[in-house]
Amino acid sequence: MLALDPALQPVYDEVVSRNPGDTEFHQAVLEVFESLAPVVAKHPEYADAAIMQRLVEPERQLIFRVPWVDDAGCVQLNRGFRVQFNSALGPFKGGLRFHPSVNVGIIKFLGFEQTFKNALTGMPIGGGKGGADFDPKGKSDAEVMRFCQSYMTELHRHIGEHTDVPAGDIGVGGREIGYLFGQYKRLTNRYESGVLTGKGIGWGGSLVRREATGYGAVFFVDEMLRRHGQSLEGKRVVVSGSGNVALYAIEKAHQLGATVVACSDSGGYVVDARGIDLELLTDIKTVRRGRISQYADERGGAVSYVAGGSIWDVPCYIALPCATQNELDDRGARALASNGAQVVAEGANMPTTPAGVRVLREAGILFAPGKAVNAGGVATSALEMQQNASRDSWSFEHTEQRLAEIMRQIHDRCLETAEEYGVPDDYVAGANIAGVTQVADAMLALGVV
Ligand code: NAP
């Protein structure tokens, strides 16, 4: 751990003591605070208004019971969450995660990150996050629907197009957003398209929203490479995960001339030197909701499947962690470095551990953080909100072009901010400082609220 600025250390200590056990939240706050010494020096007005103390305290945290009935007629119980972190820039905005590992600390870390990511997009959206410790894996569509209806029966009181606008995340895709929206509409008697994003194309969704996070991550990498006189053409890429972000990162990487040779799920990883067959992978993971091991069985040829193990052992030029938090540790980072990786860009939220980041930096690997790299998803959600508000729908090409422009702007803003604050080329510091100062300035303007 780096030494924190003396003004920030007590704030961080208080985060730890007031949020006992929320280790991912502590980690996320520390990672941001480690970048903020130049901000403390340049903006004494933030201290006068207790901005840092207020930034780490969510505006509102909701925890609720979610009872539902399974296909056997038995009552099941889960815990639901929504953390409305910061609304200085606009309505709370951030996804819902359904995964058995979800707890309030994970939702707080995600909401905190989301606040600065949303600021980086330049769109008028605050930060929030939610979810439940529900596991959609192995559940029937009817069970998922009943769970979503029960979850929304509580959540609907707290959201709205001008209040809080949820979307998908791990375990929440088009199917879940459909069931959630259906229940919201029924309870409120309003067809309020702007209350959720990630909707289906026929009923208020935006083209490119599904692809946006993965595509955006690759657009960001393309900008990083361009700055060094390179491109994705011919590069060997490893992508962890095989969910929404991973699938579309693979698609865009292939479109731009790279070859993605490995991807994974929580059971293991596959290596396919010819390049991942996206059609087969998408069919297995999204249509059949199957496992990555099936890919090796069905693809044939020289594809290997490694159960468990670390995908970071697979040699590559570019690594895109796109699964979950803390999936790339110092051991994985060392393996990447010793195999000659040159770029790591985070498609997932906080996938690299602090020790992993240190190893990557020491090895001179170009590293960019999730709050910048994966911001294309929420940015396109904001484009979906714009289309809903104006009752318009844009073409795929137009929306993708907007996404590419936004990713370029985020990339440049990270570097310009890093330069301005005396830490040139540091994407982590640039993203943290640009996000924090934008939110902080809005909070100053809005007074003590
Ligand atoms: P998803 O569609 O549910 O896919 C998640 C993928 O990660 C799956 O392949 C899953 O494997 C794997 N995974 C999940 N938990 C894991 C664990 N504990 N260990 C190993 N693998 C695990 O979710 P997603 O939307 O792609 O989200 C992936 C990451 O991107 C998350 O960090 C999310 O917060 C972030 N993100 C998503 C969006 C978005 O628009 N969706 C936007 C910004 C950031 P299994 O199927 O085996 O569980």
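1. UniProt positions are given here in the numbering of this model, feature names are shortened, and annotations may be inferred rather than shown by experiment. The model itself is predicted. With that understood, the unreviewed UniProt entry places the feature "binding site" at Lys93, Gln114, Lys117, Gly168 and Ser381.

2. Two of the annotated positions can be described further. Lys93 is found in strand E3, and with a relative accessible area of 1% Lys93 is buried. Gln114 has its place in helix H6, residues 104-120. Gln114 also counts as buried, because its relative accessibility is 4% and the limit for that class is under 20%.

3. What does Gln114 touch, once its neighbours within four places in sequence are left aside? Its contacts are Lys93, Gly94, Gly95, Gly127, Gly128, Lys129 and Val378. Lys93, one of these partners, is itself among the positions that the UniProt record lists under "binding site".

4. Helix H7 covers residues 141-155, and its length can be checked. At 1.5 Å a residue, its 15 residues should span 21 Å, and the end C-alpha atoms are 21 Å apart, so expectation and model agree. The buried residues of H7 are Glu143, Val144, Phe147, Cys148, Ser150, Tyr151, Met152 and Leu155.

5. Which elements do the buried residues of H7 pack against? They meet strand E1 (60-69), strand E2 (75-86), strand E3 (92-98), strand E4 (127-132), strand E5 (164-167) and helix H8 (174-188). Strand E3 is also where Lys93 is found.

6. Tyr215 counts as buried at 3% relative accessibility, and Phe219 counts as buried at 13%.

7. For Lys42 the ring is that of Tyr421, with the charged end 4.5 Å from the ring centre. For Lys235 the ring is that of Tyr317, and the distance to its centre is 5.2 Å.

8. The structure holds 30 salt bridges. In one of them the side chains of Lys371 and Glu31 meet at 3.1 Å, N to O. This pair links distant parts of the chain: Lys371 is in helix H15 (residues 370-373) and Glu31 is in helix H2 (residues 23-33), 340 residues apart. Are the two partners buried or exposed? Lys371 counts as buried at 1% relative accessibility, whereas Glu31 is partly exposed, with a relative accessible area of 22%.

9. Glu154 and Arg157 form a salt bridge through their side chains, at 3.2 Å, N to O. Glu154 counts as partly exposed at 22% relative accessibility.

10. Glu298 is in helix H12 (residues 292-299), while Arg288 is in the loop between helix H11 (278-287) and H12; the partners are 10 residues apart. Glu298 counts as partly exposed at 39% relative accessibility, and Arg288 is partly exposed as well, with a relative accessible area of 38%. Elsewhere, salt bridges that share partners join Asp222, Glu223, Arg226 and Arg408 into one network.

11. Ala50 is not a glycine, yet it has a positive phi of about 50 degrees. Ala50 lies in the loop between helix H4 (44-48) and helix H5 (51-55), and with a relative accessible area of 26% Ala50 is partly exposed.

12. Asn326, also not a glycine, has a positive phi of about 55 degrees. Its place is in the loop between strand E10 (318-321) and helix H13 (330-338). Asn326 is partly exposed, with a relative accessible area of 29%.

Methods. Residues are numbered from 1 along each chain as its sequence is written. This is a predicted model: local features need pLDDT of at least 70, side-chain atom pairs count only at pLDDT 80 or more; totals for chains, interfaces and linings use all residues. Side-chain values use heavy atoms; hydrogens and water are left out. Helices (H or I, at least four residues) and strands (E, at least two) are DSSP runs, numbered from the N terminus. The expected span of a helix is 1.5 Å times one less than its number of residues. Buried means under 20% relative accessible area, exposed over 50%, partly exposed in between (1.4 Å probe, protein chains only). Contact means heavy atoms within 4.5 Å. A charge sits over a ring if NZ of Lys or CZ of Arg is within 6 Å of the ring centre and within 35 degrees of the ring normal. A salt bridge is a side-chain nitrogen of Lys or Arg within 4 Å of a carboxyl oxygen of Asp or Glu.
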